[in-house]
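Have the sequence and the 3D view open as you read.

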Amino acid sequence: ELESWDMMAMKCRAKLSPVDFLKVAHHGSRNGTPFDGLLDIILPKARRQVAVVLLSTRHDVYGVQNPVPHSDVVEELRGRCRQNYTTDIADKKWIDLEI
C-alpha cells in the first residue's frame, strides 16, 4: 500500500528502475498504487510498448464505498502498458503471460 511505496521513496528511490511486469497491489485500489512520481520511475509512459500489468481482482465484487479496482488506477495503468491483464475472467482459472 502507499505506506510501503512511501518507504521505498524515502529509502531506495535512487535504486528503482523501470520494470517490464507489474503486479498491481491491493486489487487495484487507489491506496495501493503510487501516483506521486514513483509510478513514473517503475512504469514510465515512454516504455508503454514493453510493460505488462496484472490486476488480481474482480470488478464489482470488492468494496462498496471504495470499489476495486479503482477506475483512476485502471485508466492510469492502461496508459503505461502494452497489455493490462486481470483475473476477472469467469471461465479461466489461470492467465498465461508472455513477457
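Is S29 buried or exposed? S29 is buried, because its relative accessible area is 6%, and buried means under 20% relative accessible area, exposed over 50%, partly exposed in between (1.4 Å probe, protein chains only).

## Ground rules

Keep in mind that this is a predicted model, where local features need pLDDT of at least 70 and side-chain atom pairs count only at pLDDT 80 or more, while totals for chains, interfaces and linings use all residues. Residues are numbered from 1 along each chain as its sequence is written, and side-chain values use heavy atoms, with hydrogens and water left out.

## The overall layout

The protein chain has three helices and three strands, and along the sequence they come in the order α-β-α-β-α-β. Helices (H or I, at least four residues) and strands (E, at least two) are DSSP runs, numbered from the N terminus. Out of 99 residues in the protein chain, 29% count as buried.

## Loop residues worth a look

Back to S29, which sits in the loop between strand 1 and helix 2. Its side chain makes a polar contact of 2.5 Å with the side chain of N31. A polar contact here is a pair of N or O atoms within 3.5 Å; within protein, one must be able to donate a hydrogen and the other to accept it, and residues adjacent in sequence count only if both atoms are side-chain atoms.

The loop between strand 2 (52-55) and helix 3 (71-78) holds T57, and P67 is placed in the loop between strand 2 and helix 3 too. T57 is buried at 2% relative accessible area, whereas P67 is partly exposed at 38%. T57 and T87 are 30 residues apart in sequence but 5.7 Å apart in space, C-alpha to C-alpha. For P67 and R30, the figures are 37 residues in sequence and 9.4 Å in space, again C-alpha to C-alpha.

## Salt bridges

How many salt bridges does the structure hold? There are four, a salt bridge being a side-chain nitrogen of Lys or Arg within 4 Å of a carboxyl oxygen of Asp or Glu. One of them pairs D20 with R47, with the closest N and O atoms 2.7 Å apart. That pair links distant parts of the chain, 27 residues apart: D20 is in the loop between helix 1 (2-12) and strand 1, and R47 is in the loop between helix 2 and strand 2. Both ends are partly exposed, D20 at 34% relative accessibility and R47 at 26%.

D40 and R80 also meet in a salt bridge, at 2.7 Å from N to O. Since D40 lies in helix 2 and R80 in the loop between helix 3 and strand 3 (83-86), the pair ties together parts 40 residues apart in sequence. D40 is partly exposed at 45%, but R80 is buried at 4%. Then there's K45 with E76, whose closest N and O atoms are 4.0 Å apart. Salt bridges that share partners join D40, K45, E76 and R80 into one network.

## A negative patch

On the surface, E1, E3, D6 and D36 gather in a patch of negative charge. Patches are made of residues with over 30% relative accessible area and no salt bridge, with like charges joined within 9 Å. D36 belongs to the loop between strand 1 (21-24) and helix 2 (38-42) and is partly exposed at 49% relative accessibility.

Note on methods
Patches are made of residues with over 30% relative accessible area and no salt bridge: like charges are joined within 9 Å, nonpolar side chains (Val, Leu, Ile, Met, Phe, Trp, Tyr) within 5 Å. Accessible areas come from the Shrake-Rupley method with a 1.4 Å probe; for residues, only the protein chains shown count as cover. Lys and Arg count as positive and Asp and Glu as negative; His and the chain ends are not counted. The place of a charge is taken as NZ of Lys, CZ of Arg, CG of Asp or CD of Glu.
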